Amino acid sequence: MVSPEMQKLAEERAARMKAANELKEPDRVPFSGLGGDIIAAYAGISSYEYNFDFEKNRQAIIKWNTDFPADSPQGGVGGLDNLSLSVAFVDFPDLANSIFMLNGPMNDVLDMKFARFPGRQLDEYSSPQFIGGKNMEPEEYDELIADPQKFAYEKILPRISNNLQDMSSPKALATMARLGMVKAQQAAELMKTGQALAELGFPSGGGFGFGFAPLDYIGDHLRDLPNVVLDIRKYPDKVKAATRSILEVLFKLAMQNQHADTIMFPLHLNEYLSPKLYNEFYWPTLKEFILRLAENGKKSSLFCEGWHDPHLETFLELPAGWGRAMFEKTDVRKAKKILQGHTVIQGGIDVGVVISGTPAKIDEYMKALLGDMMPGGGYICGPNVGNLPRETPIENVAAVYEAIEKYGKY
Amino acid sequence: MREQLLKSFVDMDEQEAVKIARELVETDGGAVAVLDTCKEAMEEVGRLFEAGEYFLSELIAAGDMFNQIMEFTLPKLQGEEVASLGTMVLGTVQGDVHNIGKDIFKVMAEASGINVIDIGIDVPHEKFVEAIKEHKPELVGMCCLITLGVDSMKRTIEVIKEAGLRDDIKIIIGGGRVSQAVMEHVGADAWADDAARGVRLSKELLGKE
Ligand code: B12
């Protein structure tokens, strides 16, 4: 049961996020929270236990979010991007959306070549790793363009999964059936975790789904990043045509997620591309994706990995209030100068400072950050990278939360 | 022809650059001319990158062009004196599998005349030690893009010290997670988070330039 007190807290948190998302000033700066590998370490369990034992996972998440509560809950059943599988099954929405994030027990069933999990291919204290790879040859662009779903099903799955090598074999059918069983068990566990978080005063609903820049699908899952950069010069028309076909599939996938009011996009090739290439091969289909989501009442949230400075102005081509941008190496102060009143900005806490600073230094850092970023609203405070390593000093984590209360009031 | 090669290479006109290089390499003394010109072009590309005019897309394309041209140029250099500035053992540290940046740096370092021994990604500490014993490099380059890799670099350097090899080499670190503070923390001699600067500093560590 959610107590009235916690119910009120959840409403406050939701209102805070909502105000920032509407580019306004809330009562206090919304804080997305710190988390990552540190959550398991704080509970005294290994990364292996955190990723494979859902009861221990839940206890760790409850402990962390009780002691370090932010405006959105932290932690989950760490997943790796499994997009090719979702693309292959995009015509089956209930399935496609639930298999998008590959967690440990799912990978025990699928045995994906791009994935490594703690206690399996890695030691018990490592975090899960997506190691990528090249799964497509340039001669195959025409097949991809003609039908990305068919291409994923017939060509990519056999190349990325050791258990789906022959999709018509009993082994492959058994693998998909087993995946369903694992997912059903997990759904029950995740319900319990969700309930526990609601009891801690975290708003339920307002879920998020995933979207990808179509060119990133080619880079992350099909050709590998450096190859796609070369393909752009060698086969520009094919690459462009492929991003258009992929957009249709990825948009369909994002729209199927009915509970999601925000679609999150991790951007990868942004840092690689010159503004000229970005504006010709990357941005057009990403922009169209965002605009179509907006027409359908969904906001977008872009995680601009790496250095995004040369592309900041392109956001201004979107209507004000389209969504938010989170930054890694780009200075949020610089982004604010360009995007204030137009795009919600998230980030600003350099995790390097949290890992290697001292509470006094962090207090000073946070005071300066909030002083610069809060005025005018439309800012969500949070880390520049989602994962704090196990060794992060806990007093440094506490210093960040204290600073939010101390300097974050409007 | 050298001028044209230089220009088409720096302008990223791959077809033209490869075509000219193929012709030039067949002329008398052509192989050395191709090599020198491509090195000069890579240096110019690096300069444009540092100046913010070129991006990773151009570094990757330039590296690809350089490799393509070297494939048919190097066999023709057999017997020629090719000056080497020194040897570097290069790898991405244990726990980290990112290789794109390392590979870009490698091509640029090679183009500058450094002999690079690439020992791959997710390289165990001991493998660095073995490679140092085997190749006797003047320089060791470590690449690291994830936070976890920082401690891995520190540990690798400790293991190199324990093996009594630290004083024989200079260590330069690179990749997205490095900084002055990280360099001091792990005990390296130099750091660079862009390839052009990395090559410059490597040459300095070798006492060249
Ligand atoms: C591409 C990429 C990947 C690809 C890697 C493909 C490959 N074959 O390399 C894939 C998809 C496989 C991947 C996987 C993962 N990634 Co990754 N990845 C990136 C991304 C988008 C770009 C990295 C890159 O190539 N940059 C471009 C290169 C050219 O830059 P660079 O390496 O710094 O190199 C330059 C210089 O540093 C220098 N240089 C490079 N090496 C050297 C060496 C020396 C000696 C010198 C002098 C110079 C030098 O020259 C280069 C050119 O100027 C970054 C985000 C970002 N944009 O930075 C995340 C990022 C690095 N990844 C990240 C993470 C967390 C991961 C994963 C752990 C995710 C996961 N949970 O599975 C796994 C890693 C698994 C592992 N154990 O390593 C995080 C790291 C966060 C952190 N602080 O720890 C980042 C920052 C993304 C993020 N914001 O969260 N990733």
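Biologist: Which elements each supply at least two residues of the shell around the ligand?
Modeller: In this predicted model, they are β4 (129-130) of chain A plus α5, β3 (139-143), β4 (170-174) and α9 (195-205) of chain B. Helices (H or I, at least four residues) and strands (E, at least two) are DSSP runs, numbered from the N terminus. α5(B) gives the largest share, five residues. Residues are numbered from 1 along each chain as written, with chains lettered from A and ligands numbered from 1 in written order. Local features need pLDDT of at least 70, side-chain atom pairs 80 or more, while totals for chains, interfaces and linings use all residues; side-chain values use heavy atoms, without hydrogens or water.

Biologist: What makes the site shared between chains?
Modeller: Residues from both chains A and B surround the ligand, so it's shared. There are 46 of them, and the closest are F130(A), Y272(A), H98(B), N99(B) and T147(B). To be near, a residue needs a heavy atom within 4 Å.

Biologist: Why is H98(B) called a donor of the cobalt atom?
Modeller: Its NE2 sits at 2.4 Å, and the cut-off for N, O and S atoms is 2.8 Å from the metal (3.2 Å for Na, K and Ca), so NE2 counts. H98(B) is the only protein donor there, though water is not among the atoms, so sites may look incomplete. You'll find H98(B) in the loop between β1 (86-92) and α5 (100-111) of chain B.

Biologist: Which backbone atoms lie 3.0 Å and 3.4 Å from an oxygen atom of the ligand?
Modeller: A backbone N or O atom of G175(B) is at 3.0 Å, and one of D193(B) is at 3.4 Å.

Biologist: Moving to chain A, why is D309(A) called buried?
Modeller: Its relative accessible area is 17%, and buried means under 20% (exposed is over 50%, partly exposed in between; 1.4 Å probe, protein chains only), so D309(A) qualifies. D309(A) is in the loop between β7 (299-304) and β8 (323-327) of chain A.

Biologist: What makes D309(A) and K334(A) polar partners?
Modeller: Their side chains are joined at 3.0 Å; another such contact, of 3.3 Å, links D309(A) to W307(A). Polar contacts pair N or O atoms within 3.5 Å; within protein, one must be able to donate a hydrogen and the other to accept it, and sequence-adjacent residues count only through side-chain atoms.

Biologist: How do you know that chain A is as compact as a globular protein of that length?
Modeller: Chain A has 18 helices and ten strands. Its radius of gyration is 21 Å, close to the 22 Å the globule rule gives for 410 residues, so it is that compact. The radius is taken over C-alpha atoms, and the rule is 2.2 Å times the number of residues to the power 0.38. Buried residues make up 54% of chain A.
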